[in-house]
Amino acid sequence: MTKHVPAFLEALDSTEQAALNERAGTPQILRQSAEMRPHTRSFLKNTILERISPQALADIKEFLEPVVLRERMVLQEPKGHLGHVYFIDSGLVSLRIVAAGSVLETAILGHRAAAGASLLVGGHLSTYQYVVLFLGTARRIRVEDLRRVMNERPEIREHLSRYSQALALHCAQTGLCGVRHGREKRLASWLCLASDAVGDHVLPVTHDYLSSVLGLRRAGVTETLIRFEAQGLIRKGRGVLEIDERKGLEQRACGCYKLISDAYACSETGSGTGN
């Protein structure tokens, strides 16, 4: 396995550099945050890949292709053919339902995710759309190659199955949150979940986007964010929100945030899965 790592790393480095180069047009505060963030997971930044055994990683890595995730890039269309699964390293992907010209976001995916994997392990997300929200990088694998590796390495299937269970809870809880909880709690939860997904406190997101995917009035979103800023929880910039007081923001969030966060944590440790 070791003798293949340098070439693999070189491909990843060039892909991530391309992503950083594209950030040249984004706000300076976001570029600085992305460039200064420590690489705590070595070259493995995707949590799912990080947790599989060296033997399983050796089998799957030869099929992994580094790619740049560009903003508004569509990874999967509703009811479309699933060609690749994307193990996300950085950036943010929006999982959404599109119907009758309306968009409703049901989950946000970052370095804990494998976009598209749920369809391979018994999930039912074929009516969903995956769209890149924040610029980042990923490793993609053809579906047929991943199926073959899963058959040879059941532990990979197990990791993807646990992740898919957490994602299913995320989607279901988002639906409940949308009808049961108020604007402030929903916005605080979304900001905390997005921060967890990208591993950063700087989020390049606009009021219009939050209004659209959460189904909230833009004026109400702006009013709530102004209140958060006055309380010292966030700072607003042009097209950027920066979280200053994370604990305080979590206290404003509804219980959905902790349920979703705990589900992903359990999927990574294997606890609470019946194994």
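# Salt bridges, cysteines and helix packing

Arg183 has a relative accessible area of 29% and is therefore partly exposed; with a 1.4 Å probe and protein chains only, buried means under 20%, exposed over 50%, and partly exposed in between. The model is predicted: local features need pLDDT of at least 70 and side-chain atom pairs count only at pLDDT 80 or more, while totals for chains, interfaces and linings use all residues. Residues are numbered from 1 along each chain as its sequence is written, and side-chain values use heavy atoms, leaving out hydrogens and water. A search of the whole structure gives 18 salt bridges, and the disulfide count is 0.

**Salt bridges**

- A salt bridge here is a side-chain nitrogen of Lys or Arg within 4 Å of a carboxyl oxygen of Asp or Glu. In general, side chains of opposite charge can pair when their charged atoms come close.
- Arg153 pairs with Asp59 in a salt bridge, with 2.6 Å between the closest N and O atoms. This pair links distant parts of the chain, 94 residues apart: Asp59 is in helix H4 (residues 54-61), and Arg153 is in the loop between helix H5 (143-152) and helix H6 (154-180).
- Helices (H or I, at least four residues) and strands (E, at least two) are DSSP runs, numbered from the N terminus.
- Arg183 forms a salt bridge with Glu223, whose closest N and O atoms are 3.7 Å apart. Arg183 lies in helix H7 (residues 183-198) and Glu223 in helix H9 (residues 218-230), so this bridge ties together parts that are 40 residues apart in sequence.
- Glu223 is partly exposed, with a relative accessible area of 43%.
- Glu223 also forms a salt bridge with Arg227, at 3.1 Å between the closest N and O atoms. These two residues both lie in helix H9, 4 residues apart, which is about one turn of the helix. Arg227 is partly exposed as well, at a relative accessible area of 28%.

**Cysteines**

- A disulfide is a pair of cysteine sulfur atoms within 2.5 Å, and by this rule the count is 0. Cys192 is in no disulfide, and the nearest cysteine sulfur, that of Cys254, is 9.7 Å away.
- Cys192 counts as buried because its relative accessibility is 0%. Cys171 is likewise buried, at 9% relative accessibility.

**Helix packing**

- Axes are lines fitted to C-alpha atoms, for helices over the stretch in contact, and angles run from 0 to 180 degrees between N-to-C directions. Contact means heavy atoms within 4.5 Å.
- Angles under 35 degrees count as roughly parallel, over 145 as roughly antiparallel, 65 to 115 as roughly perpendicular and the rest as oblique.
- The axes of H5 and H6 cross at roughly 110° and come within 5 Å, so H5 and H6 are roughly perpendicular to each other. On the H5 side, Leu146, Val149, Met150, Asn151 and Glu152 make the contact, meeting Pro154, Ile156, Arg157 and Leu160 of H6.
- Helix H8 (residues 207-214) packs against H9 at an angle of about 120°, with the axes 9 Å apart. H8 is therefore oblique to H9.
- In the H8 and H9 pair, His207, Asp208, Leu210 and Ser211 of H8 meet Arg218, Val221, Thr222 and Leu225 of H9.
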